[in-house]
Amino acid sequence: MANLNWEDATSYDKYDERRVQTCWSLKSGALVITITKRNIRYQGEWVLSCRSVGLDAVLLGPIARLDATEAKREALRIVMSRVSKIKMGVQALSTLSEQSNKVR
C-alpha cells in the first residue's frame with residue numbers, strides 16, 4: 001500500500017494553528033475513495049465513502065482500534081469487493097444480452 005498516493009482531504013479552519021489530518025482521499029480514474037475519522041454522525045469511528053460504487057458512510061471500525069494505515073487497508077478491501085461484485089454483475093448482464101440476441 002506504500003505506492004498508493006492518499007492525499008490530505010481534511011477541511012481545515014483557516015484560523016486553526018494546529019492542523020491535524022483527519023481525512024484522506026485516494027483517486028484512481030473515476031474512483032474516489034475517502035476515509036475520515038471526524039464524521040459528525042459517527043463520532044469515534046472511521047468512515048468510508050466511495051460514491052462511484054455506491055458506498056456512503058460505511059463504518060470501518062473505531063478510531064481507538066484502527067490507525068490510518070489499517071483504516072485505508074480496510075477501505076481498499078471493501079471497495080475492491082464492491083468493484084468485483086459490480087464486475088460480476090456486468091458480466092452476467094452481458095451473457096444475458098448475448099443469449100437474448102441469439103433467441104431473436
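The model is predicted. The five strands form an open, antiparallel sheet.

**Overall dimensions and contacts**

- Along the principal axes, the C-alpha atoms of the protein fill a box of roughly 70 × 30 × 25 Å.
- Among contacts in the protein with a separation of 6 or more, 25% are between residues 24 or more positions apart.
- Buried residues make up 28% of the 104 residues of the protein.

**Sheet layout**

- The strand order across the open sheet is S1-S2-S3-S4-S5, with antiparallel pairing.
- Strand S1 (7-8) and strand S5 (55-62) are the edge strands, and each of them pairs on one side only.
- In a regular strand, side chains alternate between the two faces of the sheet.

**Pairing of S2 and S3**

- Strand S2 (residues 23-28) and strand S3 (residues 31-36) run antiparallel and are joined by six bridges.
- Lys27 has Val32 in S3 as its bridge partner.

**Strand S4 and its neighbours**

- Strand S4 covers residues 45-50, and five of its six residues are buried, so S4 is largely enclosed by the rest of the structure.
- On one pairing, S4 is joined to S3 by three bridges in the antiparallel sense.
- Within that pairing, Thr34 stands opposite Ser49 in S4.
- S4 also pairs with S5, again in the antiparallel sense, over five bridges.
- Here Trp46 stands opposite Gly61 in S5.
- S4 and S5 form a hairpin with four residues between the strands, and in this hairpin Gly54 takes a positive phi near 75 degrees.

**Surface and charge**

- The protein carries 17 positive and 11 negative side chains.
- The centres of the positive and negative sets lie 8 Å apart.

Key. Residues numbered from 1 in each chain as written. Predicted model: local features only at pLDDT ≥ 70, side-chain atom pairs only at ≥ 80, totals over all residues. Heavy atoms only, no water. Buried < 20%, exposed > 50% of the residue type's maximum accessible area, 1.4 Å probe, protein only. Contact = heavy atoms within 4.5 Å. Lys, Arg positive; Asp, Glu negative; His and termini not counted. Charge placed at Lys NZ, Arg CZ, Asp CG, Glu CD. Pairing = 2+ DSSP bridges. Helix = DSSP H or I, 4+ residues; strand = E, 2+ residues; numbered from the N terminus.
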